[in-house]
Each structure stands twice: as structure tokens, then as C-alpha cells.
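Subject: Structure handover

Hello,

Here is the structure for your files. My notes on the ligand site and on the salt bridges follow below it.

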Amino acid sequence: MDSRQWDERYGGDELVWTSTPNQFLVAEVAGLPVGRAVDLACGEGRNSIWLAEQGWQVAGVDFSAVGLAKAKRFAELWDVKVTWLESSVEDWVSPPGGFDLVALLYLQLPQPARAAALAVAASAVGPGGMLLVVAHDLDNLTHGYGGPPNPDVLYEVSDVTGAAVAADLTVERAEQAVRVVGTDDGPREAIDIVVRARRVAGSL
Ligand SMILES: C[S@@+](CC[C@H](N)C(=O)[O-])C[C@H]1O[C@@H](n2cnc3c(N)ncnc32)[C@H](O)[C@@H]1O
């Protein structure tokens with residue numbers, strides 16, 4: 001989907017996604033000292049806003065102007081400050097020094113754009129900083145609940161670990177993870193990938 005298609009998807013007044021932050025982000029960020037974070041492909045901003053509420057200085061980046069406008073309204077409602085930036089992840093340029101946390105959640109992109117976006121994300125991690133990528137696993141198509149039906153935009157763990165290692169990050173967690181989704185028919189299991197990688201302090 002291009003930015004125009006995402007704009008259409010975000011067109012209504014209702015949130016397309018939930019207002020609550022992603023459970024893997026919450027678990028991985030717990031206990032980290034706050035610092036500078038960038039939320040790439042931030043959509044309607046649920047994760048950016050949660051990070052800002054925790055005290056992070058957050059930039060949210062997405063190529064959908066309509067998604068970002070909703071994120072901005074949502075942040076104003078919650079009275080938190082986030083810097084919103086309209087850009088594709090592939091074309092976004094990190095400020096010098098990078099970020100203490102680079103979060104990339106559920107960016108649905110086919111190759112080769114996905115590899116380009118992952119390279120940008122990994123290289124934006126500053127010294128001592130962390131990369132967190134969460135995405136729909138390819139296996140979700142056949143064994144999991146929800147998620148995009150197009151296999152081209154589904155991930156394998158190795159997509160992310162390859163980009164992390166190429167950017168000199170140390171991979172600390174790289175696995176499939178089950179996310180329980182509440183539905184009208186009861187709980188269902190979605191299969192995600194979760195990858196956490198770090199840049200050793202002083203290595204950039
Ligand atoms: C499934 S939503 C996830 C939103 C958010 N990360 C979350 O977890 O709630 C995917 C988002 O990626 C954005 N997106 C897709 N391709 C993009 C690209 N190449 N550059 C920037 N944003 C992109 C879409 O506009 C959309 O907001």
C-alpha cells in the first residue's frame with residue numbers, strides 16, 4: 001500500500017488501530033532509562049504517545065499525512081508532546097548521534113523496500129541504544145489470527161537480524177512471539193516476530 005492508500009484507510013474519525021501501546025514494546029522498554037526515541041511507521045501514534053507519557057522525547061515518522069493528523073489530535077487529547085514527521089521510512093534521515101530507542105512496529109512493506117527501511121532503522125540506533133522491531137510473521141498467514149493476507153509484506157526473523165548485524169548491532173532477542181487478541185469469538189493467537197538489538201556504547 002502506498003501513502004495515498006494508507007491515507008484512505010485512516011480517513012474516518014475512528015481509530016483504525018487500538019489506542020493501547022503494543023505489548024512487546026511495553027515489555028521491552030520497561031526499566032530502560034528514558035532518552036530519545038523514534039517510532040518509525042508510527043501510524044495513529046499509539047506507541048509514540050505511550051513512550052512520551054513514560055518520559056521519552058519522541059519523534060513519530062510515517063508517510064501518511066492523514067494518519068499523522070490523527071496521531072497529533074490523539075497526542076493533544078492526552079496532552080503529550082511528540083514531534084511528528086511526514087516521511088517514508090526509507091527516505092528518512094536520522095539526526096546525528098541517533099536515538100536511544102528506534103521502534104519499528106508492523107511496517108507492512110514488500111522487498112526491497114523492507115530491507116531499505118530496516119537498514120535505515122538499524123543505522124539510526126545511537127551508542128548504547130536499542131532497536132526494537134515487531135511485525136507480523138509469515139507463519140501468521142497460515143497459523144495465526146488477523147494480519148495482512150499478502151505474504152509479500154510478512155516478515156521472517158532473519159529479515160531483521162540481517163539488517164541489525166549489517167549495522168553493527170548485537171542481536172539480543174530474535175524470535176516468533178504469540179500475541180493474544182481479544183475478539184467477539186474469544187481470544188485468538190497472532191504470530192509476530194520480535195527482534196531486539198543493541199549498539200554497544202562507544203561503537204559508533
Ligand atoms: C499497520 S500500521 C502500524 C502503525 C503503528 N506502528 C502501530 O503499531 O500502531 C503501518 C503503518 O506504516 C505506515 N507505512 C507503510 N509504509 C510506509 C513507508 N514506506 N514509510 C513510512 N510509513 C509507512 C502506514 O502509513 C501505517 O501507518
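The ligand is surrounded by 20 residues, and the closest of them are Tyr 10, Ala 41, Arg 46, Asp 62 and Leu 105. Please keep in mind that this is a predicted model. Sorted by class, the shell around the ligand consists of eleven nonpolar, six polar and three charged residues.

In the side chain of Tyr 10, an N or O atom is 2.5 Å from an oxygen atom of the ligand. Asp 62 also faces a ligand oxygen atom, with a polar side-chain atom at 2.6 Å. Leu 105 takes part through its backbone: an N or O atom there lies 2.7 Å from a nitrogen atom of the ligand. On its own the ligand has 600 Å² of accessible area, and the protein covers 98% of that. As for location, the ligand sits in the largest pocket.

Now the salt bridges. A search of the whole structure gives twelve of them. One is between Glu 28 and Arg 196, where the closest N and O atoms are 2.6 Å apart. Glu 28 belongs to helix 2 (residues 23–29) and Arg 196 to strand 7 (residues 186–198), so this pair ties together parts that are 168 residues apart in sequence.

Regards

Note on methods: Residues are numbered from 1 along each chain as its sequence is written. This is a predicted model: local features need pLDDT of at least 70, side-chain atom pairs count only at pLDDT 80 or more; totals for chains, interfaces and linings use all residues. Side-chain values use heavy atoms; hydrogens and water are left out. A residue is near a molecule or strand if one of its heavy atoms lies within 4 Å of it. A polar contact is a pair of N or O atoms within 3.5 Å; within protein, one must be able to donate a hydrogen and the other to accept it, and residues adjacent in sequence count only if both atoms are side-chain atoms. Accessible areas come from the Shrake-Rupley method with a 1.4 Å probe; for residues, only the protein chains shown count as cover. On a 1 Å grid over the protein atoms alone, a cavity is a set of points where a 1.4 Å probe fits but cannot get out, and a pocket is an open set with protein on both sides within 12 Å along at least five of seven lines; lining residues have an atom within 4 Å of a point. A molecule sits in a cavity or pocket if more than half of its atoms lie within 2 Å of its grid points. Ala, Val, Leu, Ile, Met, Phe, Trp, Tyr, Cys and Pro count as nonpolar, Asp, Glu, Lys and Arg as charged, and the others, Gly among them, as polar. A salt bridge is a side-chain nitrogen of Lys or Arg within 4 Å of a carboxyl oxygen of Asp or Glu. Helices (H or I, at least four residues) and strands (E, at least two) are DSSP runs, numbered from the N terminus.
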